[in-house]
Amino acid sequence: MVTTETPGQTDIVGRPLLDYPAPPPLTHHGPARVVALCNQKGGVGKTTTTINLAAALAEYGRRVLVVDFDPQGAATVGLGVSPYEVEHSVYDLIMSPDPDPKAVLKHSPVEGLDVIPANIDLSAAEVQLVNEVAREQVLSRAIRPVLDEYDTVLIDCQPSLGLLTINALTAAHGVLIPLVCEFFALRGVGLLKETTIDKVSDRLNPRLRIDGIVATMFDPRPLHSREMVQVVYDRFGDILLQTTIPRTVKLPDATVAAEPITTYAPTHASAEAYRQLARELVARGDAP
């Protein structure tokens with residue numbers, strides 16, 4: 001896939017603006033690239049990005065599995081599955097001595113997009129896993145049987161750096177970090193990288209790398225937002241993706257409707273932003 005510069009245009013930090021074409025169809029599916037969406041700060045758009053990036057990749061013919069690894073079950077709800085009606089969840093999967101992901105996963109209304117649901121039961125897992133052998137690897141072991149059937153697996157992490165998040169990072173090939181352009185959120189990204197991602201990469205998962213930082217809920221009008229994006233770029237360089245997700249009421253509306261923005265309002269700027277994010281990750285090699 002050829003990526004070209006858009007003549008005379010730059011992105012929000014002054015880099016030449018790249019045009020990411022629609023990815024070509026795949027001739028076969030799998031094995032999946034596993035990406036954890038992680039940030040210990042809440043309210044930065046992790047779940048929204050998980051749902052809508054997954055839907056955008058599915059639009060481009062990718063088979064996508066979302067693993068809801070947050071006891072709040074927001075990704076489950078956002079993909080049209082009621083956590084109160086889930087007979088078996090990701091909790092049952094990771095606690096099983098013989099995990100069978102196919103017995104747990106649910107099909108979403110979006111073709112090619114499935115979800116392993118979560119509910120409040122998952123909150124007990126951290127305590128119960130403390131004395132387990134290889135407790136950091138239970139999620140990796142649990143999803144391994146279906147990796148050959150998907151192109152991308154997105155893990156929606158809880159806003160915490162506890163054992164569940166460590167499991168997600170141990171199972172992943174890459175990390176996508178949604179970031180609201182505010183000072184405290186920026187400080188959290190530095191701590192996430194230095195205290196968690198680097199340690200997991202060094203001690204548990206040498207293949208792990210940061211796929212990108214994506215600015216979410218971005219409003220270019222306040223000077224503070226633009227300054228924070230520049231600070232992120234100065235510190236992390238091209239790890240900062242060109243795609244930005246705009247602040248809009250349509251995304252919460254889509255969440256209430258329990259569907260991705262790509263189907264709820266397919267022509268809206270937010271839907272196109274998530275499609276561009278999908279194209280950018282494919283072009284960078286961070287998605288099939």
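**Close-up views of a predicted model**

**View 1. The second largest pocket and its lining.** The second largest pocket is lined by Thr10, Asp11, Ile12, Leu17, Gln242, Thr243, Thr244, Ala269, Glu272, Ala273 and Gln276. As in every view below, the structure displayed is a predicted model. The volume of this second largest pocket is about 170 Å³. Two elements, β10 and α11 (269-284), each contribute at least two residues to the lining of the second largest pocket. Of the elements concerned, α11 gives the most, with four residues of that lining. By residue class, the lining of the second largest pocket comprises four nonpolar, five polar and two charged residues.

**View 2. The largest pocket and the elements around it.** The largest pocket has a volume of about 480 Å³. Its lining is made up of 30 residues, and those nearest the centre of the largest pocket are Gly45, Lys46, Thr47, Thr48 and Thr255. Two or more lining residues come from each of α1 (46-59), α2 (74-78), β9 (209-218), β10 (240-246) and α9 (250-256). Helix α1 provides the largest share of the lining of the largest pocket, namely six residues. The lining of the largest pocket divides into 14 nonpolar, twelve polar and four charged residues.

View 3. Eight strands make up an open sheet with mixed pairing, in the order β5-β6-β4-β7-β3-β8-β9-β10. At the edges stand β5 (106-107) and β10, each of which pairs on one side only. In general, the strands of a sheet pair through backbone hydrogen bonds, in either a parallel or an antiparallel manner. Within this sheet, strand β8 (residues 174-180) runs parallel to β9, and seven bridges join the two. One point of reference in this pairing is Leu176, whose bridge partner in β9 is Gly212.

**View 4. Two helices packed on the sheet.** Helix α1 packs on the sheet and touches β3 (33-37), β4 (64-69), β6 (113-116), β7 (152-157), β8 and β9. The direction of α1 makes about 165 degrees with that of β7. Helix α8 (residues 223-236) lies across β8, β9 and β10. The angle at which α8 runs to β9 is about 175 degrees.

**View 5. The crossing of α1 and α11.** The axes of α1 and α11 come within 8 Å and cross at roughly 70 degrees. Angles of 65 to 115 degrees count as roughly perpendicular, and α1 and α11 are therefore roughly perpendicular to each other. On the α1 side, the residues in contact are Thr48, Thr49, Asn52, Leu53, Ala56, Leu57 and Glu59. On the α11 side, they are Tyr274, Arg275, Leu277, Ala278, Leu281 and Val282. The residues of this contact of α1 with α11 divide into eight nonpolar, three polar and two charged.

View 6. The peptide bond from Gly30 to Pro31 is cis, with omega near -10 degrees. Pro31 is situated in the loop between β2 (16-19) and β3. Met217, which belongs to strand β9, has phi near 50 degrees, a positive value in a residue other than glycine.

Technical notes: Residues numbered from 1 in each chain as written. Predicted model: local features only at pLDDT ≥ 70, side-chain atom pairs only at ≥ 80, totals over all residues. Heavy atoms only, no water. 1 Å grid on protein atoms, 1.4 Å probe; cavity = no way out; pocket = protein on both sides within 12 Å on 5 of 7 lines; lining within 4 Å. Points joined across faces, edges and corners; volume = space filled by probe spheres on them. Nonpolar A, V, L, I, M, F, W, Y, C, P; charged D, E, K, R; others polar. Pairing = 2+ DSSP bridges. Contact = heavy atoms within 4.5 Å. Axes fitted to C-alpha atoms, helices over the stretch in contact; angles between N-to-C directions. Parallel < 35°, antiparallel > 145°, perpendicular 65-115°, else oblique.
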